[in-house]
Amino acid sequence: MPMLIRTTSDVAPSQITPKSVYLRRRAFLERAIAMGLVLPLLPAQALAVGARKLSGRPGPFSASEKQTPYKDVTTYNNFYEFGTGKDEPAIYAPKMKTRPWAVTVDGEVKRGGVFGIEDLLKLAPMQDRVYRHRCVEAWSMVIPWVGYPLAELIKRVEPTGRAKYVAFTTKLDPETMVGTRLPLLDWPYVEGLRLDEAMHPLTLLTFGLYGELLPNQNGAPVRVVVPWKYGFKSAKSIVRVTFTEQQPKTAWNEAAPNEYGFYSNVNPNVDHPRWSQARERRIGEDGFFTPKRKTLMFNGYANQVAELYAGMDLKKFF
Ligand code: MTE
């Protein structure tokens, strides 16, 4: 068997770089990196996300199920601004500029304003939370997100007594977002929640996944994750958070109101008009012929959220 690891005694003195040369070479490289002449040698994925690690303390509500591989989480995406193909966001989204980035908080709030992304990152302690993620297209993943409850931001901006809903407006840049050149949706993508849903401790203002900053295709630099609702409620690349008295118009609901309700809670008993919602395919784990798994009410978060909808007809308010 060939020897792959050489011990020091295998290395001839002539092969060892003198320390002075090594130090000069290193100083040169550091200066070149600082001047932006060469990029530090990092794995391609790390470069694509700006190579910044982001993790937090373990947060509550984490699922113990097997996590979907990083590769699937970051290459099988819905981000229609970059095209309708699942592979297109990973191809086109890296062009989106995520710095500088600001999020405007306005509407029915006492202390609204413009928050720079670096300030938002520091607003509350980061938490690691593994959530089930169920798409309306009947596939699912299990993703380790990094963020903090959206309630942390909401408490700081002090909604007025009239605030009943929160709308999330996302980035619109036709230059880099090739998908927005087609009138698929009424751009920019807008999503919304009732204020109590937005304040729920499960609702995560999300900045990272798998211990690093969000890749662009997953909604960098900031998105929401609402794990008991179909994935489209979890708006990516947010630039505005608006508190309103009236239920906001949302992109998918406007495009097809009989298919995508405002609530869109995961509900195996209410089918999409064109397909069943009773079962789901777990991405990365199941093969095409593997039986689909049963979809759980509220995506398995019924104990935490069912009371938000007590007395509501969930067939009517789908
Ligand atoms: N946010 C924006 N701005 N644009 C989108 O097209 N797609 C939604 C949601 N957020 C979407 C979006 C849908 S349909 C899903 S399933 C999730 O993002 C996918 O998130 P993921 O790619 O991180 O899994």
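How do the residues of the lining of the largest pocket divide into nonpolar, polar and charged? The legends below take that up, along with some other close-ups; keep in mind that this is a predicted model.

**View 1. A look into the largest pocket, with a volume of about 460 Å³.** The lining splits into 16 nonpolar, 7 polar and 5 charged residues. That makes 28 lining residues, and Asn78, Cys135, Tyr189, Gly231 and Phe232 are the ones that lie nearest the pocket's centre. If you're picking out secondary structure, S5 gives the most to this lining, with 4 residues.

**View 2. Inside the largest nonpolar core, a set of 75 residues.** Phe168, Phe207, Trp228 and Phe243 touch the most other members. Strand S5 (residues 139-149) turns up here as well: it gives the most to this core, with 6 residues.

**View 3. Ser140, a residue in strand S5.** Is Ser140 buried or exposed? Its relative accessibility is 1%, so Ser140 counts as buried, the cut-off being under 20%. The Ser140 side chain makes a polar contact with the side chain of Arg282, at 2.9 Å. With neighbours within four places in sequence left aside, Ser140 is in contact with His133 and Arg134, and also with Glu280, Arg281, Arg282 and Ile283.

Technical notes
Residues numbered from 1 in each chain as written. Predicted model: local features only at pLDDT ≥ 70, side-chain atom pairs only at ≥ 80, totals over all residues. Heavy atoms only, no water. Core = buried A, V, L, I, M, F, W, Y, C linked by side-chain atoms within 4.5 Å. Buried < 20%, exposed > 50% of the residue type's maximum accessible area, 1.4 Å probe, protein only. Helix = DSSP H or I, 4+ residues; strand = E, 2+ residues; numbered from the N terminus. 1 Å grid on protein atoms, 1.4 Å probe; cavity = no way out; pocket = protein on both sides within 12 Å on 5 of 7 lines; lining within 4 Å. Points joined across faces, edges and corners; volume = space filled by probe spheres on them. Nonpolar A, V, L, I, M, F, W, Y, C, P; charged D, E, K, R; others polar. Polar contact = N/O pair within 3.5 Å; in protein donor to acceptor, adjacent residues only side chain to side chain. Contact = heavy atoms within 4.5 Å.
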